[in-house]
Amino acid sequence: MTDKRKPNETDREVGVVTRAKPKTKKPSMYRVLILNDDYTPMEFVVLILEHCFGKSREEATRIMLHVHNFGVGVCGVYPFDVAETKVAQVLDLARRSEHPLQCTMERED
Ligand code: TYC
């Protein structure tokens with residue numbers, strides 16, 4: 001028998017398209033780097049690594065010497081906002097102490 005019923009609202013296939021696999025992106029992480037220069041005292045760099053990056057004296061000394069010998073080194077890896085704050089903190093401490101220490105950040109891939 002044929003269906004004489006008029007199509008109504010509830011017959012329409014109204015659906016919300018959902019992804020089978022939710023597309024989530026984990027937030028990028030950023031390496032904070034310090035750069036070598038000829039003037040910043042080694043002890044100041046060690047203090048920065050201890051104070052701003054929570055390194056032990058041994059680890060801070062190791063990183064500082066790596067930067068002294070190779071020109072650049074990683075202080076830590078953080079989410080964007082944290083990395084940005086650390087860079088600003090290092091640059092501020094260096095500027096106040098009149099040291100030319102440079103610090104920057106780059107995205108990890
Ligand atoms: N090269 C500096 C010196 O001989 C020490 C130094 C190390 C400076 C690391 C900056 O990020 C740096 N006094």
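**A walk through the fold**

Let's start with the parts list: this protein has three helices and three strands. Keep in mind that what you're looking at is a predicted model. If you trace the chain from the N terminus, the elements come in the order β-α-α-β-α-β.

How do these pieces meet? Residues 24 or more positions apart make up 70% of the contacts with a separation of 6 or more. The crossing of helix 1 and helix 3 is right-handed. On the helix 1 side, look for Phe44, Ile48, His51, Cys52 and Phe53; they meet Lys86, Gln89, Val90, Leu93 and Ala94 of helix 3. Sort the residues of this contact by type and you get seven nonpolar, two polar and one charged.

Now head for the inside. The largest nonpolar core has 22 residues, and Val32, Ile34, Ile48, Leu49, Phe53, Val90 and Leu101 have the most contacts inside it. At least two residues of this core come from each of strand 1 (29-35), helix 1, helix 2 (57-70), strand 2 (72-79) and helix 3. Helix 1 gives the most, with seven residues.

Finally, step back to the whole protein. Of its 109 residues, 26% count as buried. The protein exposes about 8,500 Å², with carbon and sulfur atoms supplying 54% of that area.

Notes. Residues are numbered from 1 along each chain as its sequence is written. This is a predicted model: local features need pLDDT of at least 70, side-chain atom pairs count only at pLDDT 80 or more; totals for chains, interfaces and linings use all residues. Side-chain values use heavy atoms; hydrogens and water are left out. Helices (H or I, at least four residues) and strands (E, at least two) are DSSP runs, numbered from the N terminus. Buried means under 20% relative accessible area, exposed over 50%, partly exposed in between (1.4 Å probe, protein chains only). Contact means heavy atoms within 4.5 Å. Accessible areas come from the Shrake-Rupley method with a 1.4 Å probe; for residues, only the protein chains shown count as cover. A crossing is left-handed if the near helix is turned anticlockwise from the far one by less than a right angle, and right-handed if clockwise. Ala, Val, Leu, Ile, Met, Phe, Trp, Tyr, Cys and Pro count as nonpolar, Asp, Glu, Lys and Arg as charged, and the others, Gly among them, as polar. A nonpolar core is a set of buried Ala, Val, Leu, Ile, Met, Phe, Trp, Tyr and Cys residues joined through side-chain atoms within 4.5 Å.
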